[in-house]
2 protein chains.
Amino acid sequence: MAKRGNVSLSVIRRLPRYYRFLGELLQKNVTRISSRELAQLMQLTASQIRQDLNCFGGFGQQGYGYNVAALHTEIGKIMGLDKQTPMILIGAGNLGRTIAKHMNFEKSGFKLIGIFDNNPEIIGTGVRQLTVSDAAHLRDFCLRNHPVAAILCIPRENTRQVVEELLSLGIRNFWNFSHYDLSLDFENVVVENVHLGDSLMTFCYQVNEASAEEESDEEKSPIF
Amino acid sequence: MAKRGNVSLSVIRRLPRYYRFLGELLQKNVTRISSRELAQLMQLTASQIRQDLNCFGGFGQQGYGYNVAALHTEIGKIMGLDKQTPMILIGAGNLGRTIAKHMNFEKSGFKLIGIFDNNPEIIGTGVRQLTVSDAAHLRDFCLRNHPVAAILCIPRENTRQVVEELLSLGIRNFWNFSHYDLSLDFENVVVENVHLGDSLMTFCYQVNEASAEEESDEEKSPIF
């Protein structure tokens with residue numbers, strides 16, 4: 001059985017990537033792989049891979065390597081992808097609708113069971129097999145259906161109040177797309193942030209840094 | 001003038017967050033702030049903040065703290081937000097259209113100058129002030145307009161080929177939403193990944209881990 005607890009977030013963040021690569025190997029009918037080969041493929045070191053997987057009990061066999069299907073299944077289980085944790089989406093604007101349509105919740109351990117908005121033009125419209133509900137009915141819905149997690153696709157200024165309401169309804173897991181650092185104001189919450197704006201600005205830095213390096217390389221070799 | 005080069009990615013990733021918090025302070029008409037106060041607000045340590053900002057030359061004044069407006073502007077400049085790097089979007093499906101509509105490119109150092117797709121039903125439709133162009137015209141467009149960066153909102157299986165074409169057109173900066181680790185196959189590219197699927201799976205792990213801890217806490221205190 002897998003060891004758990006006290007696994008660092010950086011290891012956890014690598015699990016989906018292992019899962020993706022192993023899934024691709026499966027599709028190519030690769031049945032087993034050594035840590036060295038997997039390392040080469042993923043541009044990690046073999047010792048890093050062994051270390052990562054040892055956090056959960058280790059799965060390799062000396063001289064045999066990893067059984068691809070077994071490891072894929074096991075990493076899926078470690079992440080809880082075999083469950084169907086009930087989840088709701090708050091905010092069905094452009095971003096919210098796209099997230100609802102785009103993500104494969106069922107294969108990622110979740111089941112999207114409700115979508116809420118407070119805009120009369122959006123309430124009643126369909127997204128996936130769901131109809132957007134009036135946010136005024138959120139409390140009733142939660143009391144009946146007990147969602148465990150919420151996706152937040154709402155403007156920054158509304159987020160705090162919505163999180164307070166969700167916490168009062170027993171939801172404390174948030175996949176957060178709003179630009180609000182909610183873990184600063186709330187304790188004992190699980191937050192996975194997708195700050196698209198931060199990502200774009202980080203990208204901007206890297207683009208400019210790369211082009212500055214290029215220019216300085218050119219300056220350094222004026223004789224060519 | 002700001003120091004540059006060899007700044008670690010973890011420092012760079014914190015810059016947008018500094019920028020956001022300083023922007024909020026500005027909106028509240030806060031004109032100066034000590035590293036201690038800023039640290040408290042952002043839940044960092046004062047020494048971490050001083051260390052981060054020293055990577056770029058440092059901006060504080062002993063006994064005065066930071067000038068909020070000046071630091072906000074300076075961090076924006078460090079990230080290159082004052083520029084308008086020309087950028088194109090490849091893939092105008094749900095996700096691509098939403099990214100195009102949702103992001104504030106102009107305030108993030110970019111200018112979106114073209115959107116491309118190969119689906120006849122999507123070509124010719126409008127997104128923002130742009131019309132989606134036929135991907136067949138990509139080469140002509142790039143030769144005329146010289147975009148420097150590309151957003152990739154295309155399926156995994158098409159990404160490699162598209163990146164090869166873009167590289168041949170001089171584009172080597174990618175804001176990548178496709179589930180393809182393109183830095184494994186291409187050198188000398190700048191890639192900022194937004195792997196939404198990985199984020200959802202990481203979230204799944206954390207949700208399950210938190211609920212397992214709760215259950216085990218309950219087991220540990222059976223007398224209550």
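Predicted model: local features only at pLDDT ≥ 70, side-chain atom pairs only at ≥ 80, totals over all residues.
Two copies of a chain are related by a rotation about an axis and a shift along it.

The contact between the chains takes 45 residues from chain A and 45 residues from chain B. On the side of chain A that touches chain B, two or more residues each come from helix 1 (9-27), helix 5 (94-102), strand 8 (173-176), strand 9 (190-193) and helix 8 (196-220) of chain A. Helix 8 of chain A gives the most to this side, with 14 residues. By class, the side of chain A that touches chain B comprises 23 nonpolar, 15 polar and seven charged residues. Of the interface residues of chain A, 100% are also interface residues in chain B, so the copies meet through the same surface.

A:Thr98 counts as buried because it has 22 C-beta neighbours inside 10 Å, against a cut-off of 20 or more. Leaving aside residues up to four places away in sequence, A:Thr98 touches B:Asn94, B:Leu95 and B:Thr98. A:Gly114 is 16 residues from A:Thr98 in sequence, and the two are 15 Å apart in space, C-alpha to C-alpha. The buried residues of helix 5 of chain A include A:Leu95, A:Gly96, A:Arg97, A:Thr98, A:Ile99 and A:Ala100. The buried residues of this helix pack against strand 3, strand 4, strand 5 and strand 7 (149-152) of chain A, together with helix 5 (94-102) of chain B.

Chain A holds an open sheet of seven strands, in the order 5-6-4-3-7-8-9 and with mixed pairing. Strand 5 (126-127) and strand 9 of chain A stand at the edges with a single partner strand each, so one side of each is left without a neighbour in the sheet. Strand 3 (residues 85-90) of chain A is mostly covered, five of its six residues being buried. Strand 3 and strand 4 of chain A run parallel and are joined by six bridges; A:Thr85 has A:Phe110 in strand 4 as its bridge partner. Strand 4 (residues 110-117) of chain A also runs parallel to strand 6 (residues 130-134) of chain A, to which three bridges join it. In this second pairing, A:Ile115 stands opposite A:Val132 in strand 6 of chain A.

In chain B, helix 4 (residues 68-79) has 12 residues and spans 17 Å from its first C-alpha to its last, close to the 16 Å expected at 1.5 Å a residue. Its buried residues are B:Val68, B:Leu71, B:His72, B:Ile75, B:Gly76, B:Ile78 and B:Met79. Seen down the axis of helix 4 of chain B, these buried residues fall within an arc of 160°, so they line one face of the helix. An α-helix has 3.6 residues a turn, so residues three or four places apart point the same way. B:Gly80 follows helix 4 of chain B and has a positive phi, near 85°.

Technical notes: Residues numbered from 1 in each chain as written. Chains lettered and ligands numbered in written order. Helix = DSSP H or I, 4+ residues; strand = E, 2+ residues; numbered from the N terminus. Expected span 1.5 Å × (residues − 1). Buried ≥ 20, exposed ≤ 12 C-beta atoms within 10 Å, placed from the backbone. Arc of directions from axis to C-beta. Contact = placed C-beta atoms within 7 Å. Nonpolar A, V, L, I, M, F, W, Y, C, P; charged D, E, K, R; others polar. Pairing = 2+ DSSP bridges.
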